[in-house]
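This briefing sets out selected features of the structure shown below, grouped by topic for reading alongside the coordinates.

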Amino acid sequence: MRSSVQAQPMRLKLKAVYRLIVDNFLAASCVVALLRLGPAELISYIRPVHLFFAAAAAAVYLMLRPRAVYLIDYACFDTSPLVRIPMASFIEHTKHTPSISDRSVRFMSRLLARSGLGEETRLPAAHNYIPTHEYCTLENARAEFELVVFSAIDDLLSRTGVAPDSIRVLVLNCSLFCPTPSLVDIIVNKYNLRCDIRSVNLSGMGCSAGLISVELARNLLQVIPRGSRALVVSTETITPNYYVGNERAMLLPNCLFRVGGVAALLSKSPANARFRLKHVVRTFTGANNDNAYRCVFQEEDEQGNVGINLRKNLMAIAGDSLQANITRIGPLVLPVSEQLLFALSFVARKALRGARIRPYIPDFSTAFKHLCIHAGGRAVIDELQRKLRLSDEQVEASRMTLHRFGNTSSSSPWYELAYVEAKGRMRKGHRVWMIGFGSGFKCNSVVWECIQPPAHNTHGPWSTSIHRYPVDIPDVLSH
């Protein structure tokens, strides 16, 4: 054991030397090649026609290349206006739902004790009443949406000083609540936005839809005047999705999902921007895979109660989807040394099928300083930590967000980003990797680069509780 511990620093040093050599090999080779050519020989290779075509190609590239997109700022919904729902209160209210059996109540109690959620998560106002399901009305669903979204947008506009009429793009995602008029129409009406605004309402796309909204807003910004802004809103309305049956796989969302939302402002102008959008990578694994397609599925149980069925193979599907996403995002962000090791591992596994060669997991700490993994539940975070071989510190933001706010669906990576900033850990140049999972099945990634850390951390959803975090989260919570 002692020799193994002593060998660990040596392995780390050798790996650091390897990265230094490989990552700088190409640049060094180019410099050596240029030095070997004298100035006269170098000029002899260049002809006027070469300069003309090079200038023309550069001009075409500059005209057609996608413009960089920046995150001006973001604002997460501060859940303090809502009454917290301790687990004991949640279970007590569930007991008064006649169609939910005592056996199901005991199952939910055991699940909550192992969920990783704390005692300060928030549920909508309908959950303050008994029996809860009788108050899950359309009117209360709209009231929940307006409270969450209007609060986040008001905070964002107040922070940035942006006038609503400068917003030319509005993208909103909310999977399971889709009334008429649409949710984007509610926002346009409330804030008197432009009559020619490009507005899109995404529904049914699951917890990864927030990152899809970022990509859609980025694409729309490419075709509108420079300096215009895009407003991205991500939320999930809990009120109309209270399941009142006894299918265990459909009771899980009742236990895990909580109120949350975020509003983010994007622009092609870097003025006053805080982050630059570097990459968006989307992978969809449900095209030829019915297991992936149906692992998160809205349906009726045998009694006709509608709910979301989270099947047992969800973690395995999420792991495969993550692997597909890593394969695509790796070449964009990893240094050459890590890409080479990953490629060699892939070739070896294909060539030596009989041999048990474990796949090489890239060290993503070489590409990212912060990871914001969708806080879908303790099992989701555990699976990603195992798959990516992450340290406890690297998944701290995800675990603490799950504990403090629960699964807020598509907005959870933004609460994690807010956690990192509230802790004062963000620095200029730091890269952030947001990972989201959603029905279908989808795994999406967004990479941000910090331009300007927050000037102060007095605002935001963590303002009243950050001093208490991180906290120790036991495997089983005792009541």
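The count of aromatic pairs comes to 13, where rings of Phe, Tyr and Trp (its six-membered ring) pair if their centres lie within 6.5 Å. The model is predicted, so local features need pLDDT of at least 70 and side-chain atom pairs count only at pLDDT 80 or more, whereas totals for chains, interfaces and linings use all residues. Residues are numbered from 1 along each chain as its sequence is written, and side-chain values use heavy atoms, with hydrogens and water left out.

**Aromatic pairing**

- A pair of aromatic rings is described by the distance of the centres and the angle of the planes.
- Phe405 and Tyr415 form a tilted pair, at 4.7 Å centre to centre and with 45° between the planes; planes under 30 degrees apart count as stacked, over 60 as edge-to-face and the rest as tilted.
- This pair links distant parts of the chain, with Phe405 in helix α14 and Tyr415 in helix α15, 10 residues apart. Helices (H or I, at least four residues) and strands (E, at least two) are DSSP runs, numbered from the N terminus.

**Helix α14 and its partners**

- Helix α14 (residues 396–405) packs against α15 at an angle of about 110°, with the axes 9 Å apart. Axes are lines fitted to C-alpha atoms, for helices over the stretch in contact, and angles run from 0 to 180 degrees between N-to-C directions.
- The angle makes α14 roughly perpendicular to α15; angles under 35 degrees count as roughly parallel, over 145 as roughly antiparallel, 65 to 115 as roughly perpendicular and the rest as oblique.
- On the α14 side the contact is made by Glu396, Ala397, Ser398, Met400, Thr401 and Phe405, and on the α15 side by Ser412, Tyr415, Glu416, Tyr419 and Val420. Contact means heavy atoms within 4.5 Å.
- Helix α13 (residues 378–388) also packs with α14, at about 175° and with the axes 10 Å apart, which makes α13 roughly antiparallel to α14.
- Arg378, Ile381, Asp382 and Gln385 of α13 meet Ser398, Arg399 and Leu402 of α14 in this contact.

**The sheet and the helices on it**

- Nine strands form an open sheet of mixed pairing, in the order β3-β2-β4-β5-β1-β6-β11-β10-β9; two strands pair if DSSP finds at least two bridges between them.
- Strands β3 (198–202) and β9 (370–373) stand at the edges with a single partner strand each, so one side of each is left without a neighbour in the sheet.
- From one strand to the next, the twist averages 20°.
- Strands β1 (residues 70–76) and β6 (residues 275–284) run antiparallel and are joined by two bridges; Tyr70 has Arg276 in β6 as its bridge partner.
- Helix α7 (residues 183–191) packs on the sheet, where it touches β2 (167–173), β3 and β4 (229–235), and its direction makes about 140° with that of β2.
- Helix α15 (residues 412–422) lies across β1, β5 (261–267), β6, β9, β10 (431–438) and β11 (442–450), and runs at about 95° to β1.

**Backbone features**

- Gly440 and Phe441 are joined by a cis peptide bond with omega of about 15°, and Phe441 lies in the loop between β10 and β11.
- A cis peptide bond also runs from Tyr469 to Pro470, with omega near 5°; Pro470 lies in the segment after β11.
- Asn192, in the loop between α7 and β3, has a positive phi of about 50° although it is not a glycine.
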